[in-house]
Amino acid sequence: MNLYFRIILLFLWRIGHCKSIGFLGTSRIDYRALPLDCDINMHLTNSRYPAFMDLARTYLIAEMGLMKQFLKNKWLPIVNAAEFTYIRDIKPFEKFTIETKIVGWDEKYFYIEHRMLTARGLHCIAHVRGVFVCRGKQVPIETLIAAAGYTGDTPEMPAEVVKWKQFLQLKKERNI
């Protein structure tokens, strides 16, 4: 339930007061691990990490200045795949920051990196692969990049994302 309040707060307050970043810039948003976010082990439960990252990606879109355009065009984000590496736990009431950035794209997908940090250091690194759809059809990558006003080169994807992408392709080939 508290994530509903957080998304309402995100749209009513944070998005209206966010800074502006470039298309390949790093977005930062702060949260606090509330007791309802934690499990019986008294740390942020694993299911909350992707939920917080959903909010962080929404905030990334807003900081890039694309939220109005996304809402107007009814572009909806769809996560295709995600991978998480948990390093250390986040304790109840601990403040944490989620850093989010686009690390690359190919002919079909965007690749986004999330890093969850506290004063104690790095807690989780995650990569998400996703698309945007409108009326059941994928919005072309080129359309989204043009909407962002980005005219630079395609960044070189980090080695771990390249390997992950290869792993996802192998899984697909072996399970068809």
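Buried means under 20% relative accessible area, exposed means over 50%, and partly exposed is in between. Keep that in mind for the whole talk. One caution: this is a predicted model.

D89 has a relative accessible area of 23%.

How many salt bridges does a search of the whole structure find? Eight.

Here is another one. D54 and R57 meet through their side chains, at 2.3 Å from N to O. Both sit in helix α2, which covers residues 48–63. They are three residues apart, about one turn of the helix. Now look at their cover. D54 is partly exposed, at 39%. R57 is at 12%, so R57 counts as buried.

Next, R115 and E113. Their closest N and O atoms are 3.9 Å apart, and they form a salt bridge. R115 is partly exposed, with 27% relative accessible area. E113 is buried, with 8%.

There is also a network. R6, D37 and R48 are linked by salt bridges.

Now the aromatic rings. A pair of aromatic rings is described by the distance of the centres and the angle of the planes. The structure holds 15 such pairs. Take F70 and F132. Their centres are 4.9 Å apart, with 85° between the planes, and the pair is edge-to-face.

W105 belongs to strand β3, residues 95–105. Y150 lies in the loop between α4 and α5. These two are 45 residues apart, and the pair again links distant parts of the chain. W105 is buried, at 10% relative accessibility.

F23, F70, W75, W105, F110, F132 and Y150 form one aromatic cluster. One more ring to point out is Y109. R129 lies over its face, 4.0 Å from the ring centre.

Now the surface. Which residues form a nonpolar patch there? They are Y4, F5, I7, I8, L9, F11, L12, W13 and L71. Together they have about 1000 Å² of accessible area. Helix α1, residues 2–14, gives the most, with eight residues. L71 lies in helix α3, residues 67–73. L71 is at 54% relative accessible area, so L71 counts as exposed.

Last, the cysteines. A search of the whole structure finds zero disulfides. Look at C124: the nearest cysteine sulfur belongs to C38, and that is 15 Å away. C124 is buried, at 0% relative accessibility. C134 is buried too, at 14%.

That's the tour.

Conventions
Residues numbered from 1 in each chain as written. Predicted model: local features only at pLDDT ≥ 70, side-chain atom pairs only at ≥ 80, totals over all residues. Heavy atoms only, no water. Patch = residues over 30% accessible without salt bridge, like charges linked within 9 Å, V, L, I, M, F, W, Y side chains within 5 Å. Areas by Shrake-Rupley, 256 points an atom, 1.4 Å probe, with all protein chains shown as cover. Salt bridge = Lys/Arg side-chain N within 4 Å of Asp/Glu carboxyl O. Helix = DSSP H or I, 4+ residues; strand = E, 2+ residues; numbered from the N terminus. Buried < 20%, exposed > 50% of the residue type's maximum accessible area, 1.4 Å probe, protein only. Disulfide = S-S within 2.5 Å. Phe/Tyr/Trp six-rings, centres within 6.5 Å; stacked < 30°, edge-to-face > 60°. Lys NZ or Arg CZ within 6 Å of the ring centre and 35° of its normal.
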